[in-house]
Amino acid sequence: MPSTGATAPAGLSGTPFELVGLQWNGAISSVAAVVRYRSDTGATVRTEVPSLLGDGPLSFVTTAGTTVIRTRSSGFPYVVPGGAPAAAAKGLLQYQGQVFPAADPRLVWATAYDYQGAVTLVLADPISGAAAGQTIALPPSVTDLGPDALSPDGAGYVLLHTASGVYDLRPGKTQLVTHGVVLAAGPIGYLVYECDDSARCTAAMVDRATGSHSPLAGYAPSASAASDPIQGVISPNGRYAALLDTGPLRVVDFRTGAVTPILLPIAPPAGGD
């Protein structure tokens, strides 16, 4: 059963939002849990999932009513419907490959490979694993994906990370986001860290609609945040980014550049309740 708790609200203004994360130390057969945090109340809800096998999360996707978890080396991805026990993934989701959020909050993108190694992202139902319509064909040059080559774009599609930059992939369309790195992504755009021809590096917001770059005064990512393969997320109202870094989760305010640490519970409740 889920367990609830509360910490002091983060003191962040604007529209409340919810952060959802996977709590797991990476050890075989160790307890794992899905943790939800509300920014306005400080409330947390922790739901245990079956012991995970593998060396780290490859995919962790929350839809309107389901969470999908796949580890890097596990052959046993899980689907955790809201309010129901975890179950083995089915259909397209049971095969090797990452899973990503879709623009339709009920669906996900599943990774499929053909016999020649070509990669296609297929829109799928997270419960049944059945194909649900659209597909995204990756460029023909992309055949051997590393675990960090793809990530969510924050708007229901997928980012492709290459040696030359980061690209946003959609059905029938590929668009360059930055020649640098994407620190976080969300519905209105991206938080990027990029350098000019003179090696002057800055963090900037990239507007999804116009492609304009706005330098973010007062904020510079740490070396670990700039190189971390786990991408952050931008809140739906476009004001904050949540970034993983050494220590606590950190929330960046785009208006001021201020960074607020958020301490989440990391230990299971006493007695296993």
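By the ring-centre rule, the count comes to 1 aromatic pair. The rule takes rings of Phe, Tyr and Trp, using the six-membered ring of Trp, and pairs them if their centres lie within 6.5 Å; planes under 30 degrees apart are called stacked, over 60 edge-to-face, and the rest tilted. Tryptophan 109 and tyrosine 157 form this pair, and it is tilted, at 6.2 Å centre to centre with 40° between the planes. Tryptophan 109 belongs to strand β10 and tyrosine 157 to the loop between β13 and β14, so the pair ties together parts that are 48 residues apart in sequence.

Before I go on, the basis of all this. This is a predicted model, in which local features need pLDDT of at least 70 and side-chain atom pairs count only at pLDDT 80 or more, while totals for chains, interfaces and linings use all residues. Residues are numbered from 1 along each chain as its sequence is written, and side-chain values use heavy atoms, with hydrogens and water left out. Helices (H or I, at least four residues) and strands (E, at least two) are DSSP runs, numbered from the N terminus.

Buried here means under 20% relative accessible area, exposed means over 50%, and partly exposed is in between, with a 1.4 Å probe and protein chains only.

Now the strands around tryptophan 109. Strand β9, residues 99-101, pairs with strand β10, residues 108-113, in the antiparallel sense over 3 bridges. Pairing requires that DSSP finds at least two bridges between the strands. Tryptophan 109 in β10 stands opposite phenylalanine 100, and the hairpin that joins β9 to β10 runs through 6 residues. On to strand β11, residues 119-124: β10 pairs with β11 over 6 bridges, again in the antiparallel sense. Threonine 111 has leucine 121 in β11 as its bridge partner. This hairpin has 5 residues between its strands, and glycine 117 in the turn has a positive phi of about 95°.

Two of those residues come back in the core. A nonpolar core is a set of buried Ala, Val, Leu, Ile, Met, Phe, Trp, Tyr and Cys residues joined through side-chain atoms within 4.5 Å. The largest has 15 residues, of which Trp109, Leu121, Leu138 and Leu150 touch the most other members. At least two residues of this core come from each of β11 and β14, and β11 gives the most, with 3 residues. There is a second, separate core of 12 residues; among them are Ala184, Met205, Ile234 and Leu243.

Next, charges. How many salt bridges does a search of the whole structure find? The search finds 7, where a salt bridge is a side-chain nitrogen of Lys or Arg within 4 Å of a carboxyl oxygen of Asp or Glu. Aspartate 153 forms one with arginine 170, with the closest N and O atoms 3.7 Å apart. That pair links distant parts of the chain, 17 residues apart: aspartate 153 in the loop between β13 (150-152) and β14 (158-162), and arginine 170 in strand β15 (residues 165-170). Aspartate 153 is buried at 0%, whereas arginine 170 is partly exposed at 27%. Arginine 170 also meets aspartate 168 in a salt bridge, at 3.8 Å from N to O, and aspartate 168 is buried with a relative accessible area of 5%. A network of salt bridges links Asp153, Asp168, Arg170 and Arg208.

Elsewhere, aspartate 253 and arginine 239 form a salt bridge whose closest N and O atoms are 2.8 Å apart. Aspartate 253 is in strand β23 (residues 249-253) and arginine 239 in the loop between β21 (232-234) and β22 (240-243), so this pair ties together parts 14 residues apart in sequence. Both aspartate 253 and arginine 239 are buried.

Last, what else does the side chain of aspartate 153 reach? A polar atom of this side chain lies 2.8 Å from the backbone nitrogen of alanine 155, and the side chain reaches the backbone nitrogen of glycine 156 at 3.2 Å. Leaving out residues up to four places away in sequence, aspartate 153 touches Val158, Leu159, Asp168, Arg170, Ala185, Gly186, Tyr190 and Arg208, where contact means heavy atoms within 4.5 Å.

Notes: A polar contact is a pair of N or O atoms within 3.5 Å; within protein, one must be able to donate a hydrogen and the other to accept it, and residues adjacent in sequence count only if both atoms are side-chain atoms.
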